[in-house]
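These are my notebook entries on one structure, written down in the order in which I looked things up. The sequence and the model come first, and the entries follow.

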Amino acid sequence: MNLFYINYPSWIHPEIFPGVPFLGILRWYGLMYVFAFGTAYFVLKKIFKEGALDSIDRKTTEDDLASFIITGIIFLLIGARVFSTLVYDTSGKYLEKPWLIFWPFDESGRFTGLAGMSYHGGAIGGTLGMLVWCKTHKRPFLKWADAMCTAIPLGYTFGRLGNFLNGELYGRITKMPWGMIFPYAEKFSASLKWVKNFANEIGMQIPESGLVNLPRHPSQLYEAFFEGIVLFLILWAFHKKKPFDGFSSALYLVGYGAFRFFLEYFRMPDADLGFRIVHDETASISQNASLLNISTGQVLCIIMIVGGSLYGLGAWILRKKKSNGS
């Protein structure tokens with residue numbers, strides 16, 4: 001019998017200074033975004049110092065670097081927010097009142113920040129931002145995209161840590177000893193037979209009636225490690241010896257898509273969206289009952305993997321054509 005599970009630390013709050021006047025608006029999630037962008041800039045600057053962004057007839061400056069990453073961040077935030085509110089939100093309120101997309105207060109007037117960001121929307125927005133910048137400044141997109149994609153994952157780690165500190169985007173229920181009880185997770189009726197059996201197997205005492213909170217995968221930490229640290233190490237290993245421009249960004253798209261697709265089996269799908277592809281209609285989204293039940297995130301990851309593969313193939317063909325032409 002498994003006698004262990006972990007309670008989410010009670011001292012962790014979304015606010016950095018909970019209950020303190022004026023400082024209560026400062027949240028860990030926002031601070032993690034600052035760390036994320038700062039880390040990405042640090043890695044990008046290291047690549048810049050290696051001369052990887054210089055052209056034959058033009059040397060890159062720190063002003064160029066700052067302008068590039070600021071443009072990318074602005075487009076990324078817009079894309080992440082728009083995608084989250086228009087694709088993942090099914091209430092329709094943002095379609096009726098689109099000005100609420102960037103309104104940082106809830107209906108009661110309480111400051112919430114821009115709660116709700118979509119990674120895939122951010123990726124689309126960031127890519128558009130890089131395209132616009134490279135087109136405006138007449139720089140090779142593939143080379144700059146490679147540098148940015150190498151810098152992104154390590155910063156992304158902080159974004160997922162922010163989700164953990166918010167107690168959101170938690171995983172499906174689990175009997176693993178590191179399963180964690182998140183305070184805002186969906187609760188289940190203690191009178192259900194499967195809930196009683198589940199609790200008994202992990203040595204958890206539950207009441208005869210009422211609602212009970214079961215341990216879940218800390219999927220935010222899984223993503224921070226694999227989609228952040230591991231993917232960064234892979235990309236960093238190739239950044240000086242990539243076979244052609246576009247290789248690193250293609251590897252990022254395929255690598256992130258593959259890691260995220262697998263980790264989605266541990267992450268809780270959005271309750272209002274459920275599974276996009278359903279094999280077992282009786283399966284709950286809280287449990288991993290069938291590998292053929294595919295979430296929205298997994299569908300987007302498949303598109304990302306296919307798109308990244310085609311993008312890489314196109315970049316390789318372009319390189320071959322240039323080589324043959326020269």
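**Entry 1: cysteines**

I searched for disulfides, taken as pairs of cysteine sulfur atoms within 2.5 Å, and the structure holds zero of them. Cys149 is in no disulfide, and the nearest cysteine sulfur to its own, that of Cys134, is 11 Å away. I then looked up Cys301, whose sulfur is 15 Å from the closest cysteine sulfur, in Cys149, and therefore too far for a bond.

For accessibility I used relative accessible area with a 1.4 Å probe and protein chains only, where buried means under 20%, exposed means over 50%, and partly exposed lies in between. Cys149 counts as buried at 7%, and Cys301 is buried too, at 0%.

**Entry 2: ground rules**

I note that this is a predicted model, in which local features need pLDDT of at least 70 and side-chain atom pairs count only at pLDDT 80 or more, while totals for chains, interfaces and linings use all residues. Residues are numbered from 1 along each chain as its sequence is written, and side-chain values use heavy atoms, with hydrogens and water left out.

**Entry 3: salt bridges**

I counted a salt bridge wherever a side-chain nitrogen of Lys or Arg is within 4 Å of a carboxyl oxygen of Asp or Glu, and a search of the whole structure finds 14. Elements are named from DSSP runs numbered from the N terminus, with helices (H or I) of at least four residues and strands (E) of at least two.

Glu201 is partly exposed at 40%, and Lys175 is partly exposed at 34%.

Helix H6 also holds Lys196, which pairs with Glu208 in the loop between H6 and strand E4 (211–212), 12 residues apart. Lys196 is partly exposed at 35%, whereas Glu208 is exposed at 62%.

I then turned to Glu264, which forms a salt bridge with Arg260, the closest N and O atoms being 2.8 Å apart. Both of these residues are buried. Salt bridges that share partners join Arg160, Glu223, Arg260, Glu264 and Arg267 into one network.

**Entry 4: second largest pocket**

I sorted the lining by type, with Ala, Val, Leu, Ile, Met, Phe, Trp, Tyr, Cys and Pro as nonpolar, Asp, Glu, Lys and Arg as charged, and the others, Gly among them, as polar. The lining divides into six nonpolar, no polar and five charged residues.

**Entry 5: nonpolar core**

I took a nonpolar core as a set of buried Ala, Val, Leu, Ile, Met, Phe, Trp, Tyr and Cys residues joined through side-chain atoms within 4.5 Å. The largest one has 24 residues, of which Leu44, Phe68 and Trp144 touch the most other members. Helix H1 (28–49), helix H2 (62–88), H4 and H5 each supply at least two residues, and H5 gives the most, with seven.

**Entry 6: positive phi**

Lys138 has phi near 55 degrees, a positive value in a residue other than glycine. Lys138 sits in the loop between helix H4 (119–137) and H5, and is exposed at 71%. Leu169, another residue other than glycine, has a positive phi near 55 degrees; Leu169 is in the loop between H5 and E2, and is partly exposed at 32%.
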